[in-house]
Amino acid sequence: MTSKLDKFFKISERGSTIRTEIIAGLTTFFAMAYIVATNPNQIVGFTFGGAFDTIWNAVYVASILVAAVGTLLYAFYARLPFAQACGMGLNSFFFVSFILPTLLSGTDPVQGYREGLLVILLSGILFLVLSVTGARFFIARSLPDCLKKAIPAGIGLFIAFIGFKNVGIIQANQYTFVQFFDFHGAVTGKSFFEAWVAIAPVVLALLGLFAIAVLDKFKVKGSVIITILGVTVLYYLTTWTAPAFDFGKIGQSFKDFGSIGLFGAFKGFTLFQGGLGAVINAIVLVITFTLVDMFDTIGTLYGTASQAGMLDEKGDPIDVDKAMACDSIATVTGAVAGTSTCTTFVESAAGVAAGGRTGLTSLVTAICFLACLILTPLAAIVPACATAPALIYVGVLMLKNFAKVNMSDIADAVPAFLALIMMPLTYSISNGIAIGAISYTVIRVATGKFTKKDIIVAGIAVLFTLRFFLVTM
């Protein structure tokens, strides 16, 4: 059995072991398990009651199923250590575009939900066509070298920012936009235990990050998963709390999934009612979801593959065509099941950092997602303070890619820097790629250095420019 697993997933060939792959799969799952509960929250915009509860339940089940299916595709078809789930940002865009209008107008939110699923289905089909024809891979390879090197580093900053934000190390500030955690405000006027509970997530997350660094320095295998488990135990012991298990909603969730989520996309054709304006709006939405998903996936693949040392001689991810096919099939599956766009998850880099190199990593992650169908979401068991150190640590590792950018050539340096910095600042991988592509094109044209090989990146720049002006994100 062991030898068959090794041969099928090419574990030894890629310098890994079954134990390492299992640990990496668990690490990836714990890093992204928050999506199980977060995605339905984002879809309904944290609006609960009545039909919104029904939508939440349907999306909850669909989110788990599409994460499992998409990740299994990576395991058995692409055989790569990446995982899929509903994309953050795209789910918020789904709410703004389809659920919020029904909330403001007092119309049926279920119908708005179904119209949104139809858009996701159409964008997934378009995505699949681009993948099958090889157009997506052609577009990916056309990216200039400076952006290919900057994208992984930008994703690293983005991942780290997610980690800092999730645990509260970085907080919102009305004057400076962001600030470091306010320890003084958190402990003032509280008893010792109350003060500790208030600051424990931040303190434990920082200690977890230091622990990963120390363990890695001593070359301890599984440093990330050891830290995740250790911080989890410390959190519950020191705050004297226990994870909540709510089995009551499971039956209702499956019922709502079957009644409005599954195949709901095929009941959303009311989207086209309203004449030419409605049709144009629908087309713009389909293209927008397709573009964002495409470049989120391309960025994530280049970033994680670079971190794993899984690039070919041209600097492109191995089996990238299969990876993109997995992504597009998962998006179509998600739309049919009843949830927003599925994409390759940037948190896959956490598993890669833990040593994952094959599809066995993805298989383990997928099994964990399937377990969430009958168990309370494991995101509720593993606190944010336990997964945040892993995400920040991955950011540290991926930032090294930026050192490969030719900073002596300002025509490369500026687009690379903008792609790097705009990902965390705009909370979007695709926005970072877009702004990098736009700046690259403008500088190349203005300096007379524009060539035929830059036509594709110029086309990307034009499309994203139109998107920025035509669609509110």
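At 47% relative accessibility, Asp 145 counts as partly exposed, since buried means under 20% relative accessible area, exposed over 50% and partly exposed in between (1.4 Å probe, protein chains only). Lys 149 falls into the partly exposed class too, at 26%. This is a predicted model, so local features need pLDDT of at least 70 and side-chain atom pairs count only at pLDDT 80 or more, while totals for chains, interfaces and linings use all residues. Residues are numbered from 1 along each chain as its sequence is written, and side-chain values use heavy atoms, with hydrogens and water left out.

Now for what Asp 145 and Lys 149 do together. Their side chains meet in a salt bridge, 2.8 Å from N to O; the term stands for a side-chain nitrogen of Lys or Arg within 4 Å of a carboxyl oxygen of Asp or Glu. Both residues sit in helix 8 (residues 145–167), four residues apart, or about one turn of the helix. Helices here are DSSP runs (H or I, at least four residues), as strands are (E, at least two), and they are numbered from the N terminus. Side chains of opposite charge can pair when their charged atoms come close.

The count of salt bridges by this rule comes to two. Arg 444 makes one with Asp 412, and the closest N and O atoms are 2.8 Å apart. This pair links distant parts of the chain, with Arg 444 in helix 19 (residues 429–446) and Asp 412 in helix 18, 32 residues apart. Both Arg 444 and Asp 412 are buried.

Arg 357 tells another story. It is found in the loop between helix 15 (348–353) and helix 16 (359–371). Arg 357 is buried yet has no salt bridge, and the nearest side chain of opposite charge, Glu 21, lies 6.5 Å away; for charge, Lys and Arg count as positive and Asp and Glu as negative, with His and the chain ends not counted. Neighbours within four places in sequence aside, Arg 357 has contacts (heavy atoms within 4.5 Å) that include Arg 14, Ser 16, Glu 21 and Gln 307.

Helix 16 also holds Ala 366, which counts as buried at 0% relative accessibility. Not counting residues up to four places away in sequence, Ala 366 touches Ala 68, Thr 71 and Leu 72. The C-alpha atoms of Ala 366 and Tyr 74 are 9.6 Å apart, though 292 residues separate them along the chain.

Next, a pair of helices. The axes of helix 6 (residues 109–132) and helix 12 (residues 250–261) come within 11 Å and cross at roughly 70 degrees. Axes are lines fitted to C-alpha atoms, for helices over the stretch in contact, and angles run from 0 to 180 degrees between N-to-C directions. On the helix 6 side, Val 110, Tyr 113, Arg 114 and Leu 117 meet Ser 259, Ile 260 and Gly 261 of helix 12.

Finally, the backbone. Most residues other than glycine have a negative phi. Trp 240, however, has a positive phi, near 55 degrees. Trp 240 lies in the loop between helix 11 (223–239) and helix 12 and is exposed, with a relative accessible area of 74%. Asp 319 also has a positive phi near 55 degrees; this residue is in the loop between helix 13 (276–308) and helix 14 (320–337).
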